[in-house]
Amino acid sequence: MENCIFCKIIRGEIPSKKVFEDDRILVIEDATPRAPVHLLFLPKEHFVNCLDMTEQNDAVVGYIFRKAGEIAITKGIDKSGFRLVQNNGKGVGQSVFHIHFHFLAGREFQWPPG
């Protein structure tokens, strides 16, 4: 999508701090972190959120979860834990309408969130 900020980051039009990239996803450091470790997992294909998914998107979402585990191990935070968050709609905090997953770690989290 032409005006989507995440699509522009994926295309390299806006700089980012890349953690991982391949042909399916880009993982970057969040520009406004909410935890000591705050990464964004961005599918390279644009779709809004899980309400906009088709069966074709299933594989990339599963891949993101597997890659999150690999990155947690690499960063040494697999034992202390991490949180993956995906917001669906403005009312719950989605501010960029390109599906993305927040990877949060490095501090204590409360339950329930919100």
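Biologist: Leaving aside neighbours within four places in sequence, which residues is R34 in contact with?
Modeller: This is a predicted model, and in it R34 is in contact with L104 and R107 once those close sequence neighbours are set aside.

Biologist: Where does R34 lie?
Modeller: R34 lies in the loop between β2 and β3. Its relative accessible area is 58%, above the 50% cut-off, so R34 counts as exposed.

Biologist: How far apart are R34 and L104, in sequence and in space?
Modeller: In sequence, 70 residues separate R34 and L104. In space, their C-alpha atoms are 7.6 Å apart.

Biologist: And L104, is that residue buried or exposed?
Modeller: L104 is buried, with a relative accessible area of 11%. Its place is in strand β5.

Biologist: Which residues does L104 contact, leaving aside neighbours within four places in sequence?
Modeller: L104 is in contact with R34, A35, V37, H38, F82, R83, V85 and F109. For P36, the C-alpha atom is 7.7 Å from that of L104, although the two residues are 68 apart along the chain.

Biologist: Let us step back to the whole chain. How many helices and strands are there?
Modeller: The chain has two helices and five strands. Read from the N terminus, their order is α-β-β-β-α-β-β.

Biologist: Why is the chain called as compact as a globular protein of that length?
Modeller: The reason is its radius of gyration, which is 14 Å and close to the 13 Å that the globule rule gives for 114 residues. Along the principal axes, the C-alpha atoms fill a box of roughly 40 × 30 × 30 Å.

Biologist: What share of the residues is buried?
Modeller: Of the 114 residues in the chain, 39% are buried. The accessible surface comes to about 7,000 Å², and carbon and sulfur atoms account for 54% of that area.

Biologist: What about contacts between residues at least 6 apart in sequence: how many of those join residues at least 24 apart?
Modeller: The share is 53%.

Biologist: How many positive and negative side chains does the chain have?
Modeller: There are 14 positive and 14 negative side chains. The centres of the two sets lie 6 Å apart.

Biologist: New topic: how many disulfides does a search of the whole structure find?
Modeller: The search finds zero disulfides. A disulfide is a covalent bond between the sulfur atoms of two cysteines.

Biologist: Now to I28. Where is I28 found, and what does I28 touch?
Modeller: I28 is found in strand β2, which covers residues 25-29. Not counting residues up to four places away in sequence, I28 touches I9, S16, K17, K18, V19, H38, L39, L40 and L42. I28 is buried, with a relative accessible area of 4%.

Biologist: How far is I28 from D78?
Modeller: Their C-alpha atoms are separated by 18 Å, and the two residues are 50 apart along the chain.

Biologist: Is T32 buried or partly exposed?
Modeller: T32 counts as partly exposed, at 47% relative accessibility. T32 has its place in the loop between β2 and β3.

Biologist: Finally, which residues does the cis peptide bond join?
Modeller: The cis peptide bond joins W111 and P112, and its omega is about 0°. In general, most peptide bonds are trans. P112 is found in the segment after β5, the strand of residues 101-105.

Conventions
Residues numbered from 1 in each chain as written. Predicted model: local features only at pLDDT ≥ 70, side-chain atom pairs only at ≥ 80, totals over all residues. Heavy atoms only, no water. Helix = DSSP H or I, 4+ residues; strand = E, 2+ residues; numbered from the N terminus. Rg over C-alpha atoms; globule rule 2.2 N^0.38 Å. Buried < 20%, exposed > 50% of the residue type's maximum accessible area, 1.4 Å probe, protein only. Contact = heavy atoms within 4.5 Å. Areas by Shrake-Rupley, 256 points an atom, 1.4 Å probe, with all protein chains shown as cover. Lys, Arg positive; Asp, Glu negative; His and termini not counted. Charge placed at Lys NZ, Arg CZ, Asp CG, Glu CD. Disulfide = S-S within 2.5 Å.
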